[in-house]
Every structure is written in structure tokens, then in C-alpha cells.
Amino acid sequence: RLMILSMVASTKSLGWTILVLISMFYLFGVILTQGVADYCSDQDHKCAGLKFKDMKYRFGSLRGTILSLFAAMSGGVAWGDLYRMLEPLSIFYRWIFLVYVCVA
């Protein structure tokens, strides 16, 4: 009985933790997706090659970016691989990604 009461009492903390994680995924996801979209719209001829296929796949949509951020946080994808995909972008976006990795 004590165990069940402890689990019920911790649901409020769990809810806030999930809310913070979702907010963090969304915030960093929007910033990184916008960075890739801006880069590809400014230099459309450069984003057409196979080299940028992974970057557009991982960071070309908000859904893909959030999934990539979750994978980097949980160990599903090495964060260094994702960082290398962002190398064509401005240093600002790479720093944003590194801040995410440190915080997450």
C-alpha cells in the first residue's frame, strides 16, 4: 500500500518533468529546423546533393528534428553524428545543438 501511495504522489513530479522535456524538444526543434530551412532556401543548389540528404532527413521537418533530438538524448543516435550533419550551418546552430546536448 505504501508503494502505491508513493507512486501516486510522484505523478505530479513526473508530469512536470514530461512537460519540461516536451518544451525543450519543441524549442530546440523549432530553432534547428528553422536553421536548416533557411540554409536550404538561401543555398538551394547546395542542398540538392547527397551530402545534405541526411541533414534534410534528420532536421528538415519539426517532427524529424524532435525525433533526432530525442534519439541524441536517449542514446539512439550518437550526438556527434548529428552535430556533423549540422556543420554546413552557421556556428550559432551548432552551439544551440551543443547546449541542447549539455542540458539534456
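**Burial, contacts and charge in a predicted helical chain**

Reader: Why is Thr65 called buried?

Author: Thr65 has a relative accessible area of 0%. The term buried applies under 20%, exposed applies over 50%, and partly exposed covers the values in between (1.4 Å probe, protein chains only). Thr65 is therefore buried, because 0% is under 20%. The structure is a predicted model, in which local features need pLDDT of at least 70 and side-chain atom pairs count only at pLDDT 80 or more, while totals for chains, interfaces and linings use all residues. Residues are numbered from 1 along each chain as its sequence is written, and side-chain values use heavy atoms, with hydrogens and water left out.

Reader: Which residues are in contact with Thr65, leaving aside its neighbours within four places in sequence?

Author: Contact means heavy atoms within 4.5 Å. Apart from its neighbours within four places in sequence, Thr65 is in contact with Gly29, Leu32, Thr33, Arg58, Phe59 and Gly60.

Reader: In which helix does Thr65 lie, and what makes a run of residues a helix?

Author: Thr65 lies in helix α4, residues 62-74. Helices are DSSP runs of H or I with at least four residues, strands are runs of E with at least two, and both are numbered from the N terminus. By that rule the protein chain has 6 helices and 0 strands, and the pattern along the sequence reads α-α-α-α-α-α.

Reader: What makes Leu62 partly exposed?

Author: Leu62, also found in helix α4, has a relative accessible area of 29%. Beyond four places in sequence, its contacts are Tyr26, Gly29, Val30 and Thr33.

Reader: Are Ser68 and Gly64 buried or exposed, and how do you know?

Author: Both residues belong to helix α4. Ser68 has a relative accessible area of 2% and is therefore buried. Gly64, at 15%, also falls under the limit, so Gly64 is buried. With neighbours within four places in sequence set aside, Ser68 is in contact with Arg58, Phe59 and Leu82, whereas Gly64 is in contact with Tyr57 and Arg58. The C-alpha atoms of Gly64 and Gly29 are separated by 8.7 Å, and the two residues are 35 apart along the chain.

Reader: Why is Tyr93 called buried?

Author: Tyr93 has a relative accessible area of 16%, which is under the limit, so Tyr93 is buried. This residue is found in helix α6, residues 91-103. Leaving aside neighbours within four places in sequence, Tyr93 is in contact with Ile31, Leu32, Gly35 and Asp38. The C-alpha atoms of Tyr93 and Leu32, 61 residues apart along the chain, are separated by 6.4 Å.

Reader: What makes the link between Arg84 and Asp81 a salt bridge?

Author: The N to O distance between the two side chains is 2.8 Å. A salt bridge requires a side-chain nitrogen of Lys or Arg within 4 Å of a carboxyl oxygen of Asp or Glu, so the pair qualifies. The structure holds 1 salt bridge. Both residues lie in helix α5 (residues 79-85), 3 residues apart, which is about one turn of the helix. Asp81 counts as partly exposed because its relative accessibility is 38%.

Reader: How many positive and negative side chains does the protein chain have?

Author: There are 10 positive and 6 negative side chains, and the centres of the two sets lie 11 Å apart. Lys and Arg count as positive and Asp and Glu as negative, with His and the chain ends not counted. Each charge is placed at NZ of Lys, CZ of Arg, CG of Asp or CD of Glu.

Reader: How does the radius of gyration of the protein chain stand against that of a compact globule?

Author: The protein chain has 17 Å, whereas a compact globule of 104 residues would have a radius of gyration near 13 Å. The radius is taken over C-alpha atoms, and the globule rule is 2.2 Å times the number of residues to the power 0.38. Along the principal axes, the C-alpha atoms fill a box of roughly 65 × 20 × 20 Å. Buried residues make up 31% of the 104 residues.
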